[in-house]
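Below is a short report on one protein model. It moves from a single residue to the sheet and then to the helix contacts.

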Amino acid sequence: MAYSAEVLQRARARLAQAKEDRESENRQHLAEAYARVPRIREIDIQLRRTMAQAAQAAFMQGSGARELLEQARQENLSLQQERAMLAAEFFEEGYLDETPICENCGGSGYVGSAMCECLRELCRQEQKKEVSILTGNKETFNQFRLDYYPDQIDPKYGASPRTIMERNFQNCRRYALTFTPNAGNLLFVGGTGLGKTFLSACIARAVADRGYSVVYETASHLFGKLEQARFNPSEEAKREAAKFTACDLLIVDDLGTEMPGQFVTASLYSLLNDRILSGKPMVISTNLNVDEMSRRYSPQIASRLHGGFQRLTFVGEDIRVLKNRGY
């Protein structure tokens, strides 16, 4: 899963700190044991000596070498048994077990060239924090309220807004809970205050919870970052822009609210093209219909948005207005 450099860096830092904390705790326990039971220090010194003897015997030839190796082995076993008995007598279970922070990788974060699950879990946690900051709230699917949508049939759609929105809700929830890197694209279309941003944030949170890298941006912020990377290409700006193509899921909220212009049109076309060709999913919400998209951007962009995305139409009354009325 494609975690951003920032997420990976924070996760590695947390793992390194946890490793240092564990090693510090182990050193403290050992120092306390030496002070309380001096015989344990003597045993540890003797254990190191027997290990050195065994290593020396391994490079020797003849029967004398085998005898020396066996003697070192027997002495080592006897010392370990004595140490274990002293530890059990004077300390609680596990007090002198110098266990690493992770038994699989020892706290390095990698098993060979593969990322260890301990580091992967920290990446997931950092990804979830990042999504929480970007969305600004803690939206979950359980908080979605269908009672805000009228249940009378709308002749324009042949169904009630509540029925349509329940279908949209189920589609969004299923998309998030079964997300894979080839999950496809969603396009949310409809007026303001109908739940597009809310369900976008729910998807972001649920997908991040499952360990995938998610970038959630409003259209104005996204194009602002792309413009900065293009005309003021600092390393930070380039890293920010790279997230939009590298992440597992890109969510763009409020497409059409940004300042229009040739740069925006070219950047949007390039972003759509890159992610569609690489099969990387996107969720885009907009107040614009297909004709408005064609006029604002280009017919090619409108074609990609409506041909390469599953369209969900949001209907009903502005929920913000309803809340102000006390609903």
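## S200 and helix α6

S200 lies in helix α6. Helices here are DSSP runs of H or I with at least four residues, strands are runs of E with at least two, and both are numbered from the N terminus. At 0% relative accessibility, S200 counts as buried. Buried means under 20% relative accessible area, exposed means over 50%, and partly exposed lies in between (1.4 Å probe, protein chains only). Beyond its neighbours within four places in sequence, S200 is in contact with F188, Y216, I251, D253, V283 and S285. Contact means heavy atoms within 4.5 Å.

This is a predicted model: local features need pLDDT of at least 70, side-chain atom pairs count only at pLDDT 80 or more, and totals for chains, interfaces and linings use all residues. Residues are numbered from 1 along each chain as its sequence is written, and side-chain values use heavy atoms, with hydrogens and water left out.

## The rest of α6

Helix α6 covers residues 196–209. Eleven of its 14 residues are buried, so the helix is mostly covered. Among them are K196, L199, C202, I203 and R205. The length fits too: at 1.5 Å a residue, α6 should span 20 Å, and its end C-alpha atoms are 20 Å apart. The expected span is 1.5 Å times one less than the number of residues. G211 follows α6 and has a positive phi, near 95 degrees.

## The five-stranded sheet

What is the strand order of the open sheet? The order is β4-β5-β6-β3-β7, with parallel pairing. Two strands pair if DSSP finds at least two bridges between them. The edge strands are β4 (214–218) and β7 (310–314), and each pairs on one side only. Neighbouring strands are turned by 15 degrees against each other on average, direction ignored. Axes are lines fitted to C-alpha atoms, for helices over the stretch in contact, and angles run from 0 to 180 degrees between N-to-C directions.

β4 and strand β5 (residues 249–255) pair in the parallel sense over five bridges. T218 has D253 of β5 as its bridge partner. V215 stands opposite L250 in β5.

## D254, a positive phi in β5

Most residues other than glycine have a negative phi. D254 is not a glycine, yet its phi is positive, at about 60 degrees. D254 sits in strand β5. Its relative accessible area is 26%, so D254 is partly exposed.

## Helix α9 and its cover

Helix α9 (residues 262–278) packs on the sheet and touches β5 and β6 (282–286). The direction of α9 makes about 150 degrees with that of β5. α9 has 17 residues and reaches 24 Å from its first C-alpha to its last, close to the 24 Å expected at 1.5 Å a residue.

The buried residues of α9 are V264, T265, S267, L268, L271, L272 and R275. Their cover includes α7, α8 (235–246), β5, β6, α10 (290–296) and α11 (299–307). G279 follows α9, with a positive phi near 70 degrees.

Two packed helices are described by the angle between their axes and the distance between the axes. The axes of helix α7 (residues 219–231) and α9 come within 11 Å and cross at roughly 100 degrees. That makes α7 roughly perpendicular to α9. Angles under 35 degrees count as roughly parallel, over 145 as roughly antiparallel, 65 to 115 as roughly perpendicular, and the rest as oblique. From α7, the contact uses L222, F223, L226, E227, R230 and F231; from α9, it uses F263, V264, S267, L268 and L271. These residues divide into eight nonpolar, one polar and two charged. Ala, Val, Leu, Ile, Met, Phe, Trp, Tyr, Cys and Pro count as nonpolar, Asp, Glu, Lys and Arg as charged, and the others, Gly among them, as polar.

Helix α1 (residues 5–36) and helix α2 (residues 38–58) pack at an angle of about 115 degrees, with their axes 4 Å apart. α1 is thus roughly perpendicular to α2. L30, A33, Y34, A35 and R36 in α1 meet P38, I40, R41 and D44 in α2. This contact has six nonpolar, no polar and three charged residues.

## L86 in α3

L86 is in helix α3 (residues 63–90). Its relative accessible area is 15%, so L86 is buried. Leaving aside neighbours within four places in sequence, L86 is in contact with V37, R39, I40, I43 and F91. The C-alpha atoms of L86 and A33 are separated by 9.8 Å, and the two residues are 53 residues apart along the chain.
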